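Hi there,

Here is the structure we talked about handing over. Have a look at it first, and then read on.

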Amino acid sequence: MTQLANTSTTSRAARTDTPDGDAAAEPGTTRVVLTTEEDLLTVRHAVRAATLAVGFGIVDQTRVVTAASELARNAYIHGGGGVLTIEYPRRHGVRGLRLTIRDEGPGITDVDAALVDGFTTGAGLGHGLGGARRLMDEFEVRTVPGGGTTVVATRWVPR
């Protein structure tokens with residue numbers, strides 16, 4: 001069963017951390033629990049809605065949804081499921097979208113190798129992690145072999 005929670009845990013301070021005091025209302029933090037294949041579709045819909053809320057154009061919407069889909073699929077297939085958190089950061093008056101996906105799977109033994117196109121531990125083409133990194137402005141992988149993986153990816157709305 002798909003679990004989608006939309007909460008307003010973003011504090012006022014987190015929304016107004018810009019020098020110009022830009023404090024436009026942002027949606028609350030959204031979490032999508034990934035336990036079934038259907039949840040991958042829920043991720044796509046939630047991220048698409050978030051890209052619209054932030055104001056991305058169609059090309060950037062597609063980039064962010066594609067990255068989210070790849071990351072969610074990796075967490076589902078390789079991590080046995082996970083949780084996607086969607087946040088709405090601001091930096092110097094620029095709006096963004098931050099995707100954090102966590103799983104409790106086996107972790108990634110060699111992150112550098114996993115980011116290279118063609119690397120795969122399954123039947124895929126091996127473009128997922130590296131492709132997601134190219135589609136986002138900021139990308140971080142934290143992993144512990146045997147202890148799961150967290151990927152944090154952010155895209156900023158172009159000025």
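Below is what was found, from the whole protein down to single residues.

A word on the source: this is a predicted model, in which local features need pLDDT of at least 70 and side-chain atom pairs count only at pLDDT 80 or more, while totals for chains, interfaces and linings use all residues. Residues are numbered from 1 along each chain as its sequence is written, and side-chain values use heavy atoms, with hydrogens and water left out.

**The whole protein**

The protein has five helices and seven strands. Helices (H or I, at least four residues) and strands (E, at least two) are DSSP runs, numbered from the N terminus. Along the sequence they follow the pattern β-α-β-α-α-β-β-β-α-α-β-β. Of the 159 residues, 41% are buried; buried means under 20% relative accessible area, exposed over 50%, and partly exposed in between (1.4 Å probe, protein chains only). The protein exposes about 8300 Å², and carbon and sulfur atoms supply 53% of that area (Shrake-Rupley method, 1.4 Å probe; for residues, only the protein chains shown count as cover). Take the contacts (heavy atoms within 4.5 Å) between residues at least 6 apart in sequence: 63% of them join residues at least 24 apart.

**Helix α3 and its two partners**

Helix α3 (residues 58-79) packs with helix α5 (residues 128-135) at an angle of about 150°, their axes 9 Å apart. That makes α3 roughly antiparallel to α5. Axes here are lines fitted to C-alpha atoms, for helices over the stretch in contact, and angles run from 0 to 180 degrees between N-to-C directions. Angles under 35 degrees count as roughly parallel, over 145 as roughly antiparallel, 65 to 115 as roughly perpendicular and the rest as oblique. From α3, the contact uses Arg63, Thr66, Ala67, Glu70, Leu71 and Asn74, and from α5 it uses Gly128, Leu129, Ala132 and Leu135.

The other partner is helix α2 (residues 38-54), which packs with α3 at an angle of about 150°, with the axes 9 Å apart. That makes α2 roughly antiparallel to α3. Among the residues in this contact are Leu40, Val43 and Val47 of α2, and Val64, Val65 and Ala68 of α3. By class, the contact of α2 with α3 has nine nonpolar, three polar and three charged residues. Ala, Val, Leu, Ile, Met, Phe, Trp, Tyr, Cys and Pro count as nonpolar, Asp, Glu, Lys and Arg as charged, and the others, Gly among them, as polar.

In α5, the residues Gly128, Leu129, Gly130, Gly131 and Ala132 are buried. The buried residues of α5 pack against α3, α4 (111-114), β6 (138-143) and β7.

**Three residues to look up**

Asp60 lies in helix α3 and counts as buried, at 8% relative accessibility. Not counting residues up to four places away in sequence, Asp60 touches Arg155 and Pro158.

Thr150 is in strand β7 (residues 149-156) and counts as buried at 13% relative accessibility. Leaving aside neighbours within four places in sequence, Thr150 is in contact with Thr100, Ile101, Arg102, Glu140, Val141 and Arg142.

Gly146 sits in the loop between β6 and β7 and is exposed, with a relative accessible area of 66%. The C-alpha atoms of Gly146 and Gly105 are separated by 6.7 Å, although these residues are 41 residues apart along the chain.

Best wishes
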